[in-house]
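Thank you all for coming.

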Amino acid sequence: MNKFVQVFTKDSFLVPVVAIIFGLIVGAFAMLAGGFNPIEAYVALFDKVFGDMYNFGETIRQITPLIFSGLAVAFAFRTGMFNIGVEGQFLMGMVTAVYLGVKLDLPFFLHAPITIVGSMLAGGLWAAFAGWLKAVRGVHEVITTIMLNWTALYLVNFILTTTLVPEGQQRSETIKESAMINIGWLSEMFDSARLHWGTLIALGAAFIFYIVLWKTRTGFELRATGVNPHAAEYAGMNVNKNVVKAMFISGALAGIGGACEILGVFHYQAISAALPGYGFDGIAVALIGGNTPIGVIFGAILFGILTFGAGGMKLGAGVPVELIRVVIASVIFFVAAHGIVRYFLKPILAKKKDKEVL
Amino acid sequence: MSNVQTVVEMRGITKRFPGIIANDNINLKVKKGEIHALLGENGAGKSTLMNVLFGLYQPEEGEILINESPVKITSPNIANEMGIGMVHQHFMLVDPFTVTENIILGKEPKAGLKIDIASAAKKVQELSEQYGLKVDPYAKIADISVGMQQRVEILKTLYRGADILIFDEPTAVLTPQEILELIDIMHNLVKEGKTIILITHKLKEIMAVCDSVTIIRRGKTIDTLTVKETNINELASKMVGREVTFTVDKTEASPKQTILSVNNVTAMGNRGVNALNGISFEVKAGEILGIAGVDGNGQSELIEVLTGLQKAQSGSVTINGKEIMNKTPRYISEEGLANIPEDRHKRGLVLDFSVAENLVLKSYYMDEYNKKGFLDYDKINVHATKLIEEFDVRTPSIHTLARALSGGNQQKGIIAREVDGDPDLLIAAQPTRGLDVGAIEFIHKRLIEQRDKGKAVLLISFELDEIRNVSDRIAVIYEGQIVGVVDPKTTNEEELGLMMSGGKRMQGGTQGE
């Protein structure tokens, strides 16, 4: 409960805002050093994101998968695990969505929900496997999930080439319309930006994340296992079972994210030589959000705006992609390392506390 | 100026931490060649003061004089240079290294590119002989006893040229015999011109070895006394701030049926050797069985086997006649076993959970605390409010994190939770470790109260005084076996000490009849 409220309290609101400003200032210096005008660049960034309806809609589209992958990482983290495999779980969700979207023949009110549930299970089981290896064999989840990322990538490519990609092409068939979750009227409002129900599902997932962890028996066990497995074990909780359970839920969140990208945005999946990066961005988002559901949403918004707005900086101010990455990284650095910001804010925060006491 | 020189003087030392003043204008004056005790309850500020002297903390106010000249000690290295050495309570030794290697660590003598072990070992040998420490410079730390390891720590400070040695609760880990040896060593050190500051809350030790004593309470200097002119009761009341009774009030036990029966249990320890070697004993309803022993003789494994946290290889454990060996912790707890764990931070509490959540850590899953699939926080909070009142757990609120409570209040919380389920058997492992006199009294009363309610209580402790005061029978554990059961009224420290170090076995006494 406290964690949920904390995000809204003055202190924790002030710190991230100042952190973002710090990051932008450092980024500005980086751009100055490279001979670019930072003000022009930042104006271009905001212009890109908020300048017109289409791009604003596309920013929301960009934010949505980040919420899912951020929640996935945060959930595992709350239970004391570092799920680096959100990437792979996301991919498993995507391929399941393409497969079911193409192969199943169902009315629309069944096709999309069943597909999403399928993706959820695929992502969940993929992660649960790493959890099981940890519980039974004691293999650290960082190792297994990293390896399972690559396993997922090549397995997905194999499934695509053998079942879904037509001869001589690089991408799968398009899913059936009954499986798509786009919101037509909303897209029209946003100049045909790709808006879909997945955004709502993501917000719902954040709410469920909170309810499960802080309101249920399972959540009580998962949190106890996360912060002190020794005490959890002593109190009669089955730590191994909780490890597998937590990883399943974490992977399931990633799996739904994968499904929404397919059903709401791309409608097909291409054979890829590299990992798409959803999961790794999710780590940053979870970190920015302090592993709280609300924090993850805000983290995803920040990350989404920066990555989507980066296109504008390139076009509008001629800043090269490499420098834009430096700017994004410095913002994330300050948000994640909020200790530094707190240090600079110490006098202000201390004063505020005094006032509150009075 | 007198001919007795003041080697350490701390004037008006003030050290604040967020929310508390750990040291509030403390004065300390230590004369050359004396053993000076620093007495105070846990949390009184003794360790903080010594960490200031050792350069780990910087005081906000006050000054330090070494050999009557003011100094600034900004790091332990500088403290070392000034001849101050610290023997920590938790040894800082590398197990697979030899004694010599540990002693020279960070100050290795070089011969060309190589470390000159031979000359270092020679110096260690000389120092060891000079102070009567009897340490083999080539022994591996992992192979030597705890008492010997402590002497290595002492040698470490001497090797670095320390003239002022700070001992932080040095007897906590020792057997009674080892304590006597340590006292001899301290006398030797003083005879050779060293000065010792002894941090302790044990009054007997002060009476036995110290020349003078400075008492600290709640961060303030209360008094400095000459040991010859004071007595235990005066020290105790100055330390606690009120009169203290040392004996525990209790009536004669009236043991009834057997509750816990442990038969021939063997179990592995951490190092892959048997930690429990066919241990057998019984605890009856209405009695407190105390298990005395030196740390590392199977106590931890015994607790873990009894509570289901560790598997045993063979034997049997029954509660009320029902087999519980190698069952899950929850099954065992539902059979009526409650446990105040050895390490309250590791096992007993989830420090990042609120007090209320910690109070249902074992019962959260029961229907009582759930409603339609969700935890019923209203009931959980009512339960917490009731327990903190009943057990006098001092906390700002039931929503405060357990981390924020003092050790004594954390322990009271654990006891409240464990006793709340009305268990038939209560295992109390080191229940008063690190607690102050007031909290110790409270906990002892609660243990006896359980006994008087007709419950069985198993007390496992390294504190001999605690075992002797609280128990109705004492079983001594040595190398994973009960080597004898004695009556606390007729036994003495010497007999127990001998049994604890394996020197004396009582034949046929393993069942304690």
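This is a predicted model: local features need pLDDT of at least 70, side-chain atom pairs count only at pLDDT 80 or more; totals for chains, interfaces and linings use all residues.

Residues are numbered from 1 along each chain as its sequence is written, chains are lettered from A and ligands numbered from 1 in the order in which they are written, and side-chain values use heavy atoms, with hydrogens and water left out.

Let me start with the two chains. Contact here means heavy atoms within 4.5 Å, and by that rule 18 residues of chain A touch 26 residues of chain B. Together the chains bury about 2100 Å², with 60% of it on carbon and sulfur atoms, where buried area is the accessible area (1.4 Å probe) that two parts lose on being put together, summed over both. On the chain A side, the residues that lose the most area to chain B are Arg217(A), Phe220(A) and Tyr234(A), which together make up 39% of what that side buries.

Which charged side chains pair up here? There are 2 salt bridges between chain A and chain B, a salt bridge being a side-chain nitrogen of Lys or Arg within 4 Å of a carboxyl oxygen of Asp or Glu. One of them joins Arg223(A) to Glu357(B), with the closest N and O atoms 3.0 Å apart. In chain A, the elements giving two or more residues to this side are helix 9 (198–215), helix 10 (217–227) and helix 11 (229–234), and the largest share, 6 residues, comes from helix 10 of chain A; helices are DSSP runs (H or I, at least four residues), numbered from the N terminus.

Now to chain B itself. An automatic or database domain assignment divides chain B into domain 1 (6–240) and domain 2 (258–500). Their contact takes 10 residues from domain 1 of chain B and 14 residues from domain 2 of chain B, and the centres of these domains, taken over C-alpha atoms, are 33 Å apart. The two domains of chain B bury about 930 Å² between them, 53% of it on carbon and sulfur atoms.

Across this domain interface the rule finds 3 salt bridges, and in one salt bridge the side chains of Lys202(B) and Glu463(B) meet at 4.0 Å, N to O. On the domain 1 side, helix 6 (176–191) and helix 8 (232–240) of chain B each supply at least two residues.
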